[in-house]
Amino acid sequence: MSIKGFKGTKVVPKSVFAELPQTYPLSKEQLRFYDANGYLVLKELIDFASLYAFKHRFAQICNGLTKDYYAQIIKDSVLMAKTQKPEEYVNKLQDILYDDVFSQYSENPRLLHVVSQLLGDDITGMHSMFINKPPGTDRHPPHQDMYYFPFRPADKIVGTWTAVDHVSLDNGCLYVVPGSHKANILYPHVNQLISIVLYHGILDEETVAPEERRVHLEMSPGDTVFLHPMLVHGSGPNITTNYRKAISVHYAASSCEYVDVSGTVQEMAAKEVEEIARKKGFNNIKFQDVWKLKSKQVKGVRSNL
């Protein structure tokens with residue numbers, strides 16, 4: 001199905017995917033694996049028609065073919081100096097929960113059924129991205145997603161990351177450090193990638209994420225990994241001539257509560273987020289307020305978030 005946009009055509013995936021079941025029950029073994037390792041990969045969770053629609057929507061937005069979108073365009077300044085083609089320097093679209101195409105991912109019933117088995121039935125979408133990794137893109141250093149989140153508890157938050165293209169070691173697949181969430185330590189991070197904002201990485205990565213402990217997740221289109229927010233993970237550089245696209249949302253149980261991160265290892269991230277918001281005209285905004293504005297209830301009843 002398609003809807004006429006400002007320029008070109010907006011491709012919207014079907015709301016009900018007849019070719020796939022609407023539910024995805026997890027086995028006790030899968031639940032135990034997620035609890036022990038902090039991640040779980042499910043094969044072919046998202047259908048190809050949706051993946052095509054998401055890729056088409058990304059190209060439409062990053063090439064300026066429509067004004068009808070809700071997303072922040074994040075660019076790689078190093079790649080911008082080398083090319084004038086947007087797809088070769090746009091790193092990601094962020095805050096896509098309210099886009100009528102990308103929301104077909106964040107509100108996919110099959111995806112949410114898995115999330116509800118991890119978090120419960122009242123679910124709030126918090127952080128959302130369509131990620132593009134053009135040729136020449138640097139690595140994403142090892143980090144913890146919780147570093148960016150001013151809400152708790154950690155066990156009631158989960159990230160989803162779905163491969164839109166084939167994801168390999170050469171084009172910068174994700175890697176995880178299994179079981180690293182069990183330490184329950186939020187490690188100090190620093191900004192290690194100056195070409196892209198908020199690409200912070202763990203300061204002592206050689207100790208926390210040594211090469212021999214990393215498990216690389218090569219994935220096919222539609223494969224989806226679920227990530228605990230305390231899990232140490234990252235991705236490698238794209239050394240191929242092809243793109244590596246993915247779509248990702250972080251969900252929280254709606255009963256989660258906001259916390260003050262002042263004086264903690266998260267303070268640097270909080271200040272950067274607040275500064276970015278101020279540059280967009282949101283004066284005197286706080287870290288927690290930014291997340292309230294970005295979030296969206298996707299299932300059940302909203303309470304604290």
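These are my notebook entries on a predicted model of a protein chain.

**Entry 1: the whole chain**

I began with the overall fold. The protein chain has eight helices and 18 strands. I then looked up its dimensions, and the C-alpha trace spans about 50 × 45 × 45 Å along its principal axes. How does the radius of gyration stand against that of a compact globule? A compact globule of 305 residues would have a value near 19 Å, and the protein chain has 18 Å, so the two agree.

Next came burial and surface. Of the 305 residues, 55% are buried. The chain exposes about 13,500 Å², and carbon and sulfur atoms supply 54% of that area. I also checked how far along the sequence the contacts reach. Among contacts between residues at least 6 apart in sequence, 83% join residues at least 24 apart.

**Entry 2: strand S9**

Is S9 mostly covered or mostly open? S9 is mostly covered, with seven of its seven residues buried. In a regular strand, side chains alternate between the two faces of the sheet. I went through S9 with that in mind. Ile-157, Gly-159, Trp-161 and Ala-163 point one way, while Val-158, Thr-160 and Thr-162 point the other way. Residues on both sides of S9 are buried.

Which strands pair with S9? One is S16, residues 244-253, which pairs with S9 in the antiparallel sense over seven bridges. In that pairing, Ala-163 stands opposite Ala-246 of S16. Another is S14, residues 224-227, also antiparallel to S9, over four bridges. Here Trp-161 has Val-225 of S14 as its bridge partner.

**Entry 3: cysteines**

I looked for disulfides and noted zero in the structure. I then checked two cysteines for burial. Cys-173 has 1% relative accessibility, so it counts as buried. Cys-256 is buried too, with a relative accessible area of 0%.

**Entry 4: Gln-288**

My last stop was Gln-288, which I found in helix H8, residues 287-294. Is Gln-288 buried or exposed? Its relative accessible area is 19%, and the cut-off for buried is under 20%, so Gln-288 counts as buried. I also listed what Gln-288 touches, leaving aside residues up to four places away in sequence. The list holds Pro-150, Tyr-258, Val-259 and Asp-260.

Conventions: Residues numbered from 1 in each chain as written. Predicted model: local features only at pLDDT ≥ 70, side-chain atom pairs only at ≥ 80, totals over all residues. Heavy atoms only, no water. Buried < 20%, exposed > 50% of the residue type's maximum accessible area, 1.4 Å probe, protein only. Helix = DSSP H or I, 4+ residues; strand = E, 2+ residues; numbered from the N terminus. Pairing = 2+ DSSP bridges. Disulfide = S-S within 2.5 Å. Contact = heavy atoms within 4.5 Å. Rg over C-alpha atoms; globule rule 2.2 N^0.38 Å. Areas by Shrake-Rupley, 256 points an atom, 1.4 Å probe, with all protein chains shown as cover.
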